[in-house]
Amino acid sequence: MAPVQARAAVASGNGLLVNRKHIPFELDGGVAARARIGLIILATDHTLEYEFRKIFTMPGVALYGTRICNAAEINPATLAAMEAGLSAAADVILPGIPLDVVGYGCTSASVVIGEENVFKRIHETRPEAKCTTPITGGIKGLKALGAKRIALLTPYIDAVNVRFKAYIEAQGLEVPVIGSFNHEDDNEVARISTRSIYNAALELGRHPSVDGVFVSCTSLRVAEIAESLERELGKPVTSSNHAMAWHALRLAGITGPIEGWGRLFRI
């Protein structure tokens, strides 16, 4: 272009040499071409998103999280109080866009509130979604693994553990062995070292009366040590985040083995 013509183009384009409008485009499935999974995460949770994103590396499977208000102190009253916020929390995950699955990320609250009540609240605003919780995934996962007598490791106080044991046993599993860090502050539970968790799970899981281990609480970091624990124990091991991640994937139709995460992810 000659110099005079170039000056004319700049002047007519408000300083732009090119101002092309309405470029043609096509739509694909985006980052969620295979599955769109929503997570309701506790305001105090440090761990769930971290572990889920470690596991969810398959193309076309996307996670979308929101937070729900909760107290850092873990007790039956504070856990039950979360039920009132579940519908609204589910509603703000990609409004107007269908979700394949919605998971509620609190094991103990799902026991206190009840799984069916959790699902009912989520379905008030997300009727299209399949639902899961850590205890839902945990029980289904343990049964899929063939475990019947469980060693249960938690961070909870006794008032929560008693209810938890009864809830699991009502689902047809036995819980003859329990161990707890007995700590009520969720922010500090998230900082319990993986070495502490590993050693405690080994101690409980070695008891001859049990054939599997479940580590409860989305704040405890277990997913990356589950396979090592299984090798050492010779028994299946799963946890709140580990089991809910597996269940969410299966509910979303994502099947086939996923290596590196233990026995459950090969089912």
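Select C131 to begin: with a relative accessible area of 10%, C131 is buried, where buried means under 20% relative accessible area, as found with a 1.4 Å probe on protein chains only. This is a predicted model, in which local features need pLDDT of at least 70 and side-chain atom pairs count only at pLDDT 80 or more, while totals for chains, interfaces and linings use all residues. Residues are numbered from 1 along each chain as its sequence is written, and side-chain values use heavy atoms, leaving out hydrogens and water.

The structure holds zero disulfides, a disulfide being a pair of cysteine sulfur atoms within 2.5 Å. The closest cysteine sulfur to that of C131 is in C106, 16 Å away and too far for a bond, and the sulfur of C106 has its closest cysteine sulfur in C217, at 7.1 Å, again too far for a bond.

Next, colour the open sheet, where four strands lie in the order β6-β5-β7-β8 with parallel pairing; strands are DSSP runs of E with at least two residues, helices are runs of H or I with at least four, and both are numbered from the N terminus. Two strands pair if DSSP finds at least two bridges between them. Because β6 (174–180) and β8 (237–239) stand at the edges with a single partner strand each, one side of each has no neighbour in the sheet.

Finally, select helix α7 (residues 134–144), in which eight of the 11 residues are buried, among them P134, I139 and L142.

Notes
Buried means under 20% relative accessible area, exposed over 50%, partly exposed in between (1.4 Å probe, protein chains only).
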